[in-house]
Amino acid sequence: MILEMRNINKDYPMGKSVVHVLKNVNLQVNEQDYIAIMGPSGSGKTTLMNLIGCLDVPTSGSYMLGDREIGKCSDNQLAEVRNKEIGFVFQSFHLLPKMNALDNVALPLLFGGVRKKERRQMAADALRIVGLEDRMTFMPDQLSGGQCQRVAIARAIVGKPRLLLADEPTGALDSVSGSQVMDLFRELHDSGSTIIMITHDSNIAGHADIVYNIFDGVLSGGELKGE
Amino acid sequence: MIENVSLAFQGIWAHKMRSFLTMLGIIIGIASIITIVSTIKGTNEEIKENLIGAGNNVVNVTLKQDNASYEMGYNGLPEGVSVITEKTRKTLEKLDGVKEVSLYRTRTWCDNVYYRNVQYSGTINGIDTHYFSVNDYTVDFGRAFTDFDNRTFHKAAIVDSRAASSLFGGDNPIGKVIEINREPFVVIGLANKFGSTGPTISTVEDYMTYAGAQSGIIFIPIDDWPIAYQYDEPQTVAVKADSTDDMTKAGKSVADALSTSQMKTGSKFTYAADDLLKRATQMQNLSNTTNRQLLWIAGISLLVGGIGVMNIMLVSVTERTREIGLKKAIGAKKKRILAQFLTEASVLTSLGGMIGVGSGIGFSKFFSKFMGTRSSISIPACVIAVGFSMAIGIIFGLLPAVKASNLNPIDALRSE
Ligand SMILES: Nc1ncnc2c1ncn2[C@@H]1O[C@H](COP(=O)(O)OP(=O)(O)OP(=O)(O)O)[C@@H](O)[C@H]1O
Ligand SMILES: [Mg+2]
């Protein structure tokens, strides 16, 4: 098992009251799972992903990532977990506009203390996997949306993380580049990656092996397809 | 680190205009400081050179009575004070910081010197064979005195150009016979001080010396002094120090040595050095205090510059919220974000500092050329100025950098 969430709650204070965004969420993810979490807008998908991705800590409940209790980690430890264990793909790519594709991809390695030569090598390999080996020196504004997202995926996988997290990875893409990204996820999964993908689109969710539903902060489902 | 610096340079270059305007406060501040400091240093050097004489490094040690000057020229050696011998002179030369020592007797105003019926009024010095090298004289015509002249009481004289022209008009002085206190002396040489610059006159004594020198100097062998004047007049000791900075030390050690060797302890007579260096320092301090006040004003401009840098850095943090959020999300630690912004701020201000130093050097050159003030660039001041502007970047960049490093990645990513 890669991660296990038990009775996770997340509250946000809103003035004097609090908003319960996640309610008793239980989630288990195994090695090489391909999971989609589906839900309507405002249901708490991004909040859940932030928790899974260690960008935030739960209000209550226990979250084990590997053998680490995330709720008890310091800021620096969380940063290290995000750097080493998790690869993020965001809806709006979040590439740094002043860096070329290769440098963008190599960024997590820089923070992880990998040496420059090795960094470039690994980043080039990752770009090759997403099929952009001929776009390495392009700046983000010289790339199409789909290409940008593939660069972002390359950045997510460059450090060989245990878990690939994607929040609406196709949300900003047209259907053609959207399905390219989905094909890429399938390939990555086939070659051994564990993927959690968040979406409100059932077609996209259909690419995953396991589909969860989230509604008003309550997580349900999680059966393997075809069972 | 190097990576951060080069990224910072890229950032500065990408916003050339903004960066320049941000640096302007620092540039102006540093430039004025460098200009002021160069002017202070230049003025100080000028004072020192004028008062002491560039490269001459001579201190005169004279006999004092109750710490006031002893009227040498018109009195013999007082009781209990012995004549300084050649042997003593040699021991003085071995003292630390002392290069060469000359003994001489002097009389600044004398009018009992004649060539035929032309009267001379000016200085007469009775000198030993070291005097010319200590005081930087060169013999232009004829020859200098030798030990032989002294030993044989050869009644010879050497004149400088001024004395020569007042006595002999345009005629060749060599071989002429002049009368000093009714004793005939043959002129054997013409000597002049080289590299002499106009002295600064700050006291009456300075004026006397200067005016005396204006009307010329006649030299005779020191051993001939009793022929023309009295027997045991006190000697003045001219001490050439190893360097300008050694002058005070050399003068003092010679004076102390003589005060113990030439008289009994507790005597009301002592030898003391003219502390020119001290007098120079006093004058320098006077000019420094006025300039120091200018430095404060320049400091305020640096402060304003620093606040400008802080302001722009805060704007830059806000502008780059997404970048910071993304970096934190993919694993950049607080420290790294902090370092990034601190580096940016200090690279910006150091660059401003360097431009400031450059323009400061330019300004001080300009001023010294067109306003006649002397300036001298101080390398340590330039280095300190750049270091200081770097420190300003770190100090005023701290607040924005802390703000950046404390950004919550979730909020930061959400900002579109
Ligand atoms: N920082 C916050 N403070 C207060 N409430 C918040 C905060 N973040 C999220 N929420 C609330 O939590 C709920 C879930 O938000 P979340 O962003 O997780 O939704 P989502 O499922 O990702 O929606 P979408 O599909 O529109 O992205 C929303 O009602 C939102 O208002
Ligand atoms: Mg969302």
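A polar contact is a pair of N or O atoms within 3.5 Å; within protein, one must be able to donate a hydrogen and the other to accept it, and residues adjacent in sequence count only if both atoms are side-chain atoms. By this rule, five residue pairs, both residues at pLDDT 80 or more, are in polar contact across the interface of chain A and chain B. The model is predicted: local features need pLDDT of at least 70, side-chain atom pairs count only at pLDDT 80 or more, and totals for chains, interfaces and linings use all residues. Residues are numbered from 1 along each chain as its sequence is written.

In contact (heavy atoms within 4.5 Å) are 22 residues of chain A and 18 residues of chain B. The two chains bury about 1,900 Å² between them, 62% of it on carbon and sulfur atoms; buried area is the accessible area (1.4 Å probe) that two parts lose on being put together, summed over both. L55(A), H94(A) and F111(A) supply 30% of the area that chain A buries against chain B, more than any other three residues.

One salt bridge (a side-chain nitrogen of Lys or Arg within 4 Å of a carboxyl oxygen of Asp or Glu) is counted between the chains. It joins E80(A) to K333(B), with the closest N and O atoms 2.9 Å apart.

The side of chain A that touches chain B divides by class as follows.

| Class | Members | Residues on this side |
|---|---|---|
| Nonpolar | Ala, Val, Leu, Ile, Met, Phe, Trp, Tyr, Cys, Pro | nine residues |
| Polar | the others, Gly among them | five residues |

Methods. Chains are lettered from A and ligands numbered from 1 in the order in which they are written. Side-chain values use heavy atoms; hydrogens and water are left out.
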